[in-house]
Amino acid sequence: MNFSAKQVVFISFMLFSMFFGAGNLIFPPFLGQSAGDHLWAALAGFIVSAVGLPILGVIAVAKAGSLNELNLRVHPIFALIFPFLIYIAIGPGLAIPRAGSLAFEMGAAPFLPENLVESSGSLLIYTIVFFGLAAWLSMYPSKLISLFGKLLTPILLALIAIIFVRSLFDPIGSFESPIGNYRENPMFQGILEGYLTMDALAALAFGIVIANTLTAQGVIDSKKKSRYMMYAGLGAGLLLAVIYLILGYLGAGSSSLGQAENGAIILSNIMTYLFGQSGTLLLGIVFTLACFCVSIGLITSCSQFFSTAIPKVAYKAWVVILAVLSTAIANLGLTQILQISVPILGMIYPIAIVLIFLGLFDDMIKRNSYIYITVVGFVALYSILDTINKSLLNNVWSEGLEILPFYIEGIGWLTPAVLGLIVGYLLGKVKGASSVTRTTP
């Protein structure tokens, strides 16, 4: 079966909605206000990492055939442990309950009396309804193209377009001087900010949803499936880039409304300026819709993964389990869960990035198993040590770790990755096994 251009657009919309959550709304306006006159250079760097890495993640999974096949190139034990860490960290351990909490804070709390907001009952009722609806829609993953592509994504894009057009007729203000690291190295700082979105992990996780959706639509051939996954990744990436440009532009002109400590406040100021009191309602709808779409995507992808990994529990049962668990965490222990899951997320993110690049350049390294093992192993060792240092030892080891280039900037794993590449290549030469036979996906 061949997909039409229209179907490819719909599946790109679907993937975009799964990526575009509250964090993607907040980061660009804050970057724009901080970068000021250096906006376009900073946004170029931001798009390189915040859009480029997720697209490459989707392409890497598509080339390999599945995330499992990509993981198996490292080691069977790695293929067992690493996906669990990904799906737990970006699923019930962090992203799903946080989406419900943020949707409440931005979409409901501004319209409730203060005493209701401060009570736990209002959040509980909201998240039960929120995750209940998300679970209900996640029960039928084959219908996600229609849900996202034909309904939710067009609504979200239309709302953002309304905000942008309004800003053209009523300009917010002029760009001001950049602050912080945006003065000297705006592009590099933009790259670092995009890196912090950690959307490359979501790209690895969402691959299973796109693949299964294509199968449900009648695309059985693995080569066609990989091609359409790549098209979806590129389409979603283009949409993300356009939205980031709009949000960054709005943020850059918002300095006249007052400096803010985060992107949510900046967006609130912008919406109030453009639309008055109704701007709060419009922003609440945008936040709620973005969080809702991400929740559906995450519940679906996590449920499909866990139902495959633990087949004794059916897909729909996992949907219910994740929805109930996310509701409980959002209400009872989100702060504590964040203290655990955020360091785990930071630990596995560098591993995910090097795995993506190894998958992309697999043809060049001729599937040298030593390279996969040494690069991932060296980066994993670094990530574990860095996580222990920051989370348990109060940065006692920082002085030694700062020897590594770019450690302060948050990408100290680059040196272990390069060393792993060299060691793996040399081992392959010495062992005479630079090419390892594996089943072609």
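User: Leaving aside neighbours within four places in sequence, which residues is Ser-167 in contact with?

Analyst: Contact means heavy atoms within 4.5 Å. By that rule, Ser-167 is in contact with Tyr-249, Leu-250 and Leu-274, its neighbours within four places in sequence left aside. A caution on reading: this is a predicted model, where local features need pLDDT of at least 70, side-chain atom pairs count only at pLDDT 80 or more, and totals for chains, interfaces and linings use all residues. Residues are numbered from 1 along each chain as its sequence is written, and side-chain values use heavy atoms, with hydrogens and water left out.

User: Is Ser-167 buried or exposed?

Analyst: Buried means under 20% relative accessible area, exposed over 50%, partly exposed in between (1.4 Å probe, protein chains only). Ser-167 has 3%, so it is buried. Across the protein, 53% of the 441 residues count as buried.

User: Where does Met-230 fall on that scale?

Analyst: Met-230 is partly exposed, because its relative accessibility is 24%. Met-230 lies in helix α13 (residues 222-252). Beyond its neighbours within four places in sequence, Met-230 is in contact with Ile-59, Ala-62 and Lys-63.

User: Which helix holds Ser-167, and where does that helix bend?

Analyst: Helices (H or I, at least four residues) and strands (E, at least two) are DSSP runs, numbered from the N terminus. This protein has 21 helices and zero strands. Ser-167 sits in α10. The bend at a residue is the angle between axes fitted to the seven residues ending there and the seven starting there. α10 bends by about 35 degrees at Leu-152, and Pro-154 follows within four residues.

User: How is the largest nonpolar core read, and which members touch the most others?

Analyst: In soluble globular proteins, nonpolar side chains tend to be buried together. A nonpolar core is a set of buried Ala, Val, Leu, Ile, Met, Phe, Trp, Tyr and Cys residues joined through side-chain atoms within 4.5 Å. Here the largest core has 143 residues; Met-14, Phe-16, Phe-20 and Trp-413 touch the most other members. Helix α15 (residues 278-309) gives the largest share, 16 residues.

User: What radius of gyration does the protein have?

Analyst: The radius of gyration is taken over C-alpha atoms; the globule rule is 2.2 Å times the number of residues to the power 0.38. For 441 residues, a compact globule would be near 22 Å, and the protein agrees at 22 Å. Its C-alpha trace spans about 70 × 50 × 45 Å along the principal axes.
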